[in-house]
Amino acid sequence: MTIEKNKNWKIISDKYFHLSPFYKKISPLHGDALKIIPNLNIKKIDLVFIDADKKNYSNSFDLVISKMNSGGIILSDNVLWHGKLFNNIENSDKI
């Protein structure tokens with residue numbers, strides 16, 4: 001399952017999903033993940049990749065954590081943004 005809010009990115013991803021031999025196993029959804037996730041009727045999730053607007057990373061995390069299998073993995077894009085984990089964070093970096 002994948003959730004894409006941006007219409008242009010959804011068009012591109014749908015094109016490549018159709019080319020995949022796994023197309024029938026992919027459930028692309030379009031819209032705001034913060035509104036979609038609470039209404040998902042799924043058992044448990046093994047892997048989540050969060051690439052949301054940066055201000056909502058923690059909100060996305062909070063919504064998926066209870067849906068995760070024990071030992072499941074949550075990956076977040078840009079967590080190591082420009083090495084900021086190891087370097088001083090500037091005021092302009094804070095959200």
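The protein chain comprises 3 helices and 4 strands, and, when read along the sequence, these elements follow the pattern β-α-β-α-β-α-β. The model examined here is a predicted one. Of the 95 residues in the protein chain, 19% count as buried, and the chain exposes about 7700 Å², of which carbon and sulfur atoms supply 56%.

The largest nonpolar core is made up of 9 residues, namely Ile36, Ile37, Leu40, Ile45, Val48, Ile50, Tyr57, Val64 and Met68. At least two residues of this core are supplied by each of strand S3, which spans 45-50, and helix H3, which spans 57-65. Strand S3 provides the largest share of the core, with 3 residues. Valine 64, a member of this core, touches Ile37, Val48 and Ile74 when residues up to four places away in sequence are not counted; of these partners, Ile37 and Val48 are themselves listed among the core residues.

The largest pocket has a volume of about 910 Å³. It is lined by 31 residues, and those closest to its centre are Thr2, Ile3, Ala33, Phe49 and Asp51. The elements that give two or more residues to this lining are strand S1 (2-4), helix H1, strand S2 (28-30), helix H2 (33-36), strand S3 and helix H3.

Helix H1, which covers residues 7-19, contains aspartate 14. The relative accessibility of aspartate 14 is 19%, and this residue therefore counts as buried, given that the term applies under 20% relative accessible area. The side chain of aspartate 14 is joined to that of lysine 10 by a polar contact of 2.4 Å. Helix H1, in which aspartate 14 is found, is also among the elements that give two or more residues to the lining of the largest pocket.

Conventions
Residues numbered from 1 in each chain as written. Predicted model: local features only at pLDDT ≥ 70, side-chain atom pairs only at ≥ 80, totals over all residues. Heavy atoms only, no water. Buried < 20%, exposed > 50% of the residue type's maximum accessible area, 1.4 Å probe, protein only. Polar contact = N/O pair within 3.5 Å; in protein donor to acceptor, adjacent residues only side chain to side chain. Areas by Shrake-Rupley, 256 points an atom, 1.4 Å probe, with all protein chains shown as cover. Core = buried A, V, L, I, M, F, W, Y, C linked by side-chain atoms within 4.5 Å. Contact = heavy atoms within 4.5 Å. 1 Å grid on protein atoms, 1.4 Å probe; cavity = no way out; pocket = protein on both sides within 12 Å on 5 of 7 lines; lining within 4 Å. Points joined across faces, edges and corners; volume = space filled by probe spheres on them.
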